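Keep the picture open as you read, and find each element as it comes up.

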Amino acid sequence: MKILVPIKRVPDPYGRIRLTSDGSIDASDIKWVINPFDEIALEEAVRIREQGAEVEIVAVIIGEAVCEEQLRTALAMGADRGIFVEFNSPADPGIISFLLAAVFKSVNPDIVLMGKQGIDDDFSQTGQRLAARLNLPQATFASKIEIVSNGSAARVAREVDAGRETLEVKLPAVITTDLRLNEPRYVALPAIIKARSKPVNRVNTSEYGSIPALQISVIKREVPLPRKGGRKVGSVDELITALRDEAKVIA
Amino acid sequence: MPTRTIFFHISPTMQVVFYLLSLLSLIVCGWGFVRRMKLWRNGLPFPKVTDWPKRIKSLADQMFAHRRIRRRSYAGKMHALIFFGMFVLFIGTNIVAVEHYGALIFGEHWLYKGSFYLLCKITLDLFGAGLLIGTALALIRRYVFKPPSLGQNTMDGAFLLLLFAATLTGFLLEGAGIAVDPKRLAFAGFSPVGSLFSNEMHGITTGTYALIWWIHIPLVLSVIAALPYGRWLHLFVAPITIITQPDRSMGVLEPVTMAQVEETGRVGLGNIGDLNSWELMSFDGCMECGRCTDVCPANAAGKQLNPKNIILDLRKLMAHGASASTDVISDESLWACTNCHACVRECPTLIRHVDIIDGIRRFRVAEGRLFGPAATALRQLSSRENPWGLPASQRLDWAKDLDIPLVQADTEVEVLFWIGCAGAFEPRAQKTVRAITQLLQKANVSFAVLGPKERCTGDPARRIGDEFLFQQLAEANISTLNGVKAKRIITQCPHCFHTMKNEYPQFGGNYEVLHHTQYLNELIAEGRLKIPKSLNDSVTYHDPCFLARVNGETEAPRNLLNSTSLIPLTEVDRRESKTFCCGAGGGRMWMDDSPNERPGLKRAEELIATGAKTVAVGCPFCKVMVGDSIAQVGGETAPQVLDIAELMLKAVQALTPRPPLPKTGAGELE
């Protein structure tokens, strides 16, 4: 079995994003990491392998040269080989799903396992768009994945608004991962160094034909307003009044 | 002239048989020993051993003064009787041998005669009796008291019985010797115990004497032959382990460089070959007394961790060669260790359990085998440089209403106050640092803090096993500290204290680091800080492991507490170097414990049982763990948990009118 895990380079979720005076992101103080949802996807792929199945894990990253750092971390976490698609222009889920579809065709995996969304722009579209482009079944927001029917299908529990839904998808399929799926292992520096000998295949996007146009443009960036402090109310009646008349959350 | 004939009534043929048997016994013993030595060589090279005078002193201290051994009363006395008995009898046998072979040159009875002979006689007789009693005590302990941690197999009892029989037949022989040789009767008084036996043996023949000799000698030779084949191997190994012990003091882990990792492709202790020869040898020094497990807080809390079994499992593993994997130690055991060093402090043969545990952790972390909240803590440590994952800009939030000077490159201060991440972010520790600050101000100490420039010392990373994250943090801190020319640093956290004081020198950070109780004690001694003895509540004190056990500071906190309180300190049984861990060390602060498996609960019960109204602590993590546990088991009348500095401030405020409270009211002491 072959699992393709697309990963994204995002700012460290524990860090604070600052804007420069001209409204762009101040990258000077940002530490970059693998998108935590993708990390969960990769962890799941490693666990499927650790359960004893014969699994090859291929990690793919799309972006500028600096992204190789996260690809190396993915190899340290347990991916067997990496694909680095160098792409230096702004991207959106349309472009990324197009490029991933091209990678899919060259790798021919049984599962594409990826984060349900990037924690930077939170589009939550790439997995779905990829499935559509490839005309594959999809199971999004997975909180549990079981490989069934001798590796020809996956039973996926999904976190949906109404609760939990279990789907069985035929493989190959696209599965996107939710936070509840697992807790990824910790990657220390020696593991990254040891993973240096794992192969990374560099791909030029020119191989993939004409790339679709960017459909999303950034108009403006703003730092969220600081949270206003709450206030204590004296009684239940006062609370009900405040909730009804001020917050207008009850009738 | 008082003396005795060697090989009395033993024919030359029989003497030849004796020498052949002795040779056999020595071969069996030597072979067993060499077999073990070969296994030690599976490890990395034996560390360089220097500074012999210090080492000889340490050996004398452990071996002859029984420094560690006598931390247990019964077992200590038992061991002393057996050890000194065997030691003196060994010397006695050598004197006899010197006399015997010297006789070839100097003629018979040249040495072993007269008052020297009588001195030897009485000494050997008494120490022999000691050996007999000691062995009997060991047998009683093993079969009557049966301490569970001691462990038990048939061979253990068999060896003790053998030793007992060898000693007892020695006295029989002595008695027979006196009974059968009229010349010796005159000075039989110098063999008081032997005479007791001779009284019953009057009139025996020389044949009977020879028969007893032939019972005694094979027993003794069997004892010698059996030495390397069980826990008695410690007789040879422990002295070597002690004299060649690592130069690193307790709690200091060995650094590894990235160059080493790149060269060897290995980090931490993944298999037997990753341990060094000293470490492997030290396992053979283990005599399975079980003291380590008796004092282990994780074990007491019902966890799988059993320090003795870790050593025994690895010892068993040694037989499988250098490539045998340390995976025999379960994850559950490995991560349960609080690094409290109680096992290390108790071990009479100086085994370093924590070095081994942390070494295996280092390997597993590098292999990507760390999950869960500890992994999250390390991620936060890596990105925010503190395990709470809070921004550095909030590091001085605790001091908003206090006037705390930040370090300036051009202003010299007496001390740098290292706040620590707990002091910066953890509400209960914030109260401690506020109290310390106020005491420093009261004593007119010029001090400054690093504020947002401070980062975690790296302690949790090192104990959990991410050595390179630790080194990264240590090097960054050292560069900051050297940048502000820090000399004297005071910390409120024993973990920061230990790491900066004992481990930063490994990376070129050399500072005088003091725990706040040490510095406050110094201020009182110098008369700069006056604390009125004004508190009227009973106080007990919980020694932090890394202050008391690992760094030996037990006096300063007690002096301070006695300076505040009118009632003498109510002590808990397990204190000072025997203190019982709260459960937070070794990165456990960042891992989950099931509610009934918290080491702190046991400790809370002990502390509450003292009846003290206040439990004083000297560590922010103890404050959290002991505080939470006391809240869990203490009920309505639970004692309050306060840092020593808070108590001191209370004593000051009890007599002086309170200054008006700041508007925020933050950090006010209850």
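## Before we start

Please keep in mind that this is a predicted model. Strands of a sheet pair through backbone hydrogen bonds, and they do so either parallel or antiparallel.

## The nine-stranded sheet of chain A

Let us begin with chain A, where nine strands form an open sheet in the order 9-8-7-10-6-1-4-5-11, with mixed pairing. Which strands stand at its edges? They are strand 9 and strand 11 (200-204) of chain A, each of which pairs on one side only. On average, neighbouring strands of this sheet are turned by 30° against each other, direction ignored.

Now follow one end of that order. Strand 7 (residues 138-148) of chain A runs antiparallel to strand 8 of chain A, and six bridges join the two. Here A:Lys144 has A:Ala157 of strand 8 of chain A opposite it. A helix joins the picture too: helix 4 (residues 126-134) of chain A packs on the sheet and touches strand 6 (111-115), strand 7 and strand 10 (173-177) of chain A. The direction of this helix makes about 70° with that of strand 7 of chain A.

Next comes the pair formed by strand 8 (residues 153-160) and strand 9 (residues 163-170) of chain A, antiparallel and joined by eight bridges. In this pair, A:Val156 has A:Leu167 as its bridge partner.

## Parallel strands in chain B

In chain B, look for an open sheet of three strands in the order 5-6-7, with parallel pairing. Strand 5 (539-541) and strand 7 (640-643) of chain B each have a single partner strand, so one side of each is left without a neighbour in the sheet. Neighbouring strands here are turned by 30° against each other on average, direction ignored. Strand 5 of chain B is joined to strand 6 (residues 614-617) of chain B by three bridges, and B:Thr540 stands opposite B:Val615 in strand 6.

Other strands of chain B pair in parallel as well. Strand 1 (residues 415-418) and strand 3 (residues 488-491) of chain B share three bridges, with B:Leu416 and B:Ile489 as bridge partners. Strand 3 of chain B also runs parallel to strand 4 (residues 512-515) of chain B, over four bridges; B:Thr491 stands opposite B:His515 there. How does the chain get from strand 3 to strand 4 of chain B? The path goes through helix 23 (residues 494-503) of chain B, and this β-α-β crossover is right-handed.

## Two helix pairs in chain B

Two packed helices are described by the angle between their axes and the distance between the axes. For helix 5 (residues 154-180) and helix 8 (residues 206-226) of chain B, the angle is about 150° and the axes are 8 Å apart. That angle makes helix 5 of chain B roughly antiparallel to helix 8 of chain B, and the crossing is left-handed. Among the residues that meet are B:Phe159, B:Leu162 and B:Leu163 from helix 5 of chain B, and B:Tyr209, B:Ile212 and B:Trp213 from helix 8 of chain B. By class, the residues of this contact divide into 17 nonpolar, seven polar and no charged.

The pair of helix 4 (residues 114-145) and helix 7 (residues 192-199) of chain B crosses at roughly 80°, with axes that come within 7 Å. Helix 4 and helix 7 of chain B are therefore roughly perpendicular to each other. B:Asp125, B:Gly128 and B:Ala129 in helix 4 of chain B meet B:Pro192, B:Val193 and B:Gly194 in helix 7 of chain B. This contact has three nonpolar residues, two polar and one charged.

## Where chain A meets chain B

Finally, bring the two chains together: 18 residues of chain A are in contact with 23 residues of chain B. On the side of chain A that touches chain B, helix 2 (68-77) and helix 5 (189-194) of chain A each supply at least two residues. Which element of chain A gives the most to that side? Helix 5 of chain A does, with five residues. The side of chain A that touches chain B has ten nonpolar, two polar and six charged residues.

Note on methods
Residues are numbered from 1 along each chain as its sequence is written. Chains are lettered from A and ligands numbered from 1 in the order in which they are written. This is a predicted model: local features need pLDDT of at least 70, side-chain atom pairs count only at pLDDT 80 or more; totals for chains, interfaces and linings use all residues. Two strands pair if DSSP finds at least two bridges between them. Axes are lines fitted to C-alpha atoms, for helices over the stretch in contact, and angles run from 0 to 180 degrees between N-to-C directions. A crossover is right-handed if, with the strands pointing away from the viewer, the path from the first strand over the helix to the second runs clockwise. Two residues are in contact if their C-beta atoms, placed from the backbone, lie within 7 Å. Ala, Val, Leu, Ile, Met, Phe, Trp, Tyr, Cys and Pro count as nonpolar, Asp, Glu, Lys and Arg as charged, and the others, Gly among them, as polar. Angles under 35 degrees count as roughly parallel, over 145 as roughly antiparallel, 65 to 115 as roughly perpendicular and the rest as oblique. A crossing is left-handed if the near helix is turned anticlockwise from the far one by less than a right angle, and right-handed if clockwise.
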